[in-house]
Amino acid sequence: MKKVDKEVVALIKNPKRESYKDIHGFFDWEDVYESLAEQLQDNYVFVEVGVWCGRSICFLGEQLKKRQKKPQLYAVDTFKGSKDEAGAVAIIKKLGGSLRPIFEENLKSLGLEDLITTIEKDSAEASLEFKDYSVAGAFIDANHSYEGVTKDLEAWWPKVQRGGWLFGHDLCGEEVARAVAEFFYREDPTLKVACFPPNTWAVRKPPISPVMRYMVDIDGTICTYKKGTPYKDATPLKERIKFFNDLYEQGHRVTYWTGRGSFSGVDYSELTERQLNEWGVKRTELNMGKPCYDFWIDDKAFNVEDFFEANQTTL
């Protein structure tokens, strides 16, 4: 083994793992991930394709933990190296043929194993596990050949929700730049490829036009409600939740506004947040403090049954 390869293997095996900085790998898009950590919310889905030993996705995980956020992060890799990078493949062979044990040890050492889910598959194959318009964002840093990048774009662009972002690295590479430019021009000539120095590209999927703002009640609307029954005993109405989740994934703003505790003064915010997360409720935000009332008179208000009847659904 070459001296440089021995040094890389030693760095990869580094027993000291106290932060992402102790993990081997190239990573220069910290500003992008720090901004994402501010924007990602619980139940959002974010995917990193091509993770190596996990330096970048562990940085994102640390930023989210610092903000006490729990979106769904997925790390996609074969952990055997890309065919276009013979040197990396050779190093992995010296490490036993797979980087997955080292990657998962890194997650464990940093306490991120519950936040990041590993998918050991080819990029295109892994994309099949996600529904179209279900991913808030994805970062591609895998095969850097023209064919490889094009294949990844074809696999992941349909998965990005409206208003979401697809990111990638190594825009300085001629094949990467050409694949990105040609793919998005074919998709829509009006799409703009943004550049984040030093070497990251990004494209935002246009939100549905016009973007609608939905204010949605919780009890009796997306979960069962019977007067006098504790809120903790509410059960989700899954089809209704899916209805509003679909609106959210299409790029609309869905805000849940509840009057829990408005009359009694009890703080139900923690319980409500936990229930929405457990039920998989996607949302722009949750607002407590909806006022108590007997009648709500408004020119845009819908009774929940009338709303779903008007939308031709039997929910």
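User: Contact means heavy atoms within 4.5 Å. Leaving aside neighbours within four places in sequence, which residues is Glu249 in contact with?

Analyst: This is a predicted model, where local features need pLDDT of at least 70 and side-chain atom pairs pLDDT 80 or more, while totals for chains, interfaces and linings use all residues. Residues are numbered from 1 along each chain as its sequence is written, and side-chain values use heavy atoms, without hydrogens or water. Glu249 lies in helix 9. Outside its sequence neighbours, Glu249 is in contact with Tyr133, Ser134, Gln161, Arg162 and Lys282.

User: Is Glu249 buried or exposed?

Analyst: The classes are under 20% relative accessible area for buried, over 50% for exposed, and partly exposed in between (1.4 Å probe, protein chains only). Glu249 has 12% relative accessibility, so it counts as buried.

User: At about what angle does helix 9 run to strand 9?

Analyst: Helix 9 spans residues 238–249 and lies across strand 8 and strand 9. Helices (H or I, at least four residues) and strands (E, at least two) are DSSP runs, numbered from the N terminus. Angles run from 0 to 180 degrees between N-to-C directions of axes fitted to C-alpha atoms, for helices over the stretch in contact. Helix 9 runs to strand 9 at about 135°.

User: Which strands stand at the edges of the open sheet of three strands?

Analyst: The order is 8-9-10, with parallel pairing; two strands pair if DSSP finds at least two bridges between them. One side of each edge strand has no neighbour in the sheet, because each has a single partner strand: these are strand 8 (213–216) and strand 10 (285–287).

User: Which residue in strand 10 is the bridge partner of Trp257?

Analyst: Strand 9 covers residues 253–257 and runs parallel to strand 10, with three bridges joining them. In strand 10, Trp257 has as its bridge partner Asn287.

User: At roughly what angle do the axes of helix 2 and helix 3 cross?

Analyst: Helix 2 is residues 30–39 and helix 3 is residues 55–66. The axes come within 9 Å and cross at roughly 35°.

User: How many residues does the largest nonpolar core have?

Analyst: A nonpolar core is a set of buried Ala, Val, Leu, Ile, Met, Phe, Trp, Tyr and Cys residues joined through side-chain atoms within 4.5 Å. Tyr33, Phe46 and Phe244 are among those with the most contacts inside the largest core. Tyr33 touches residues including Phe27, Phe46 and Phe139. The residue count of this core is 56.
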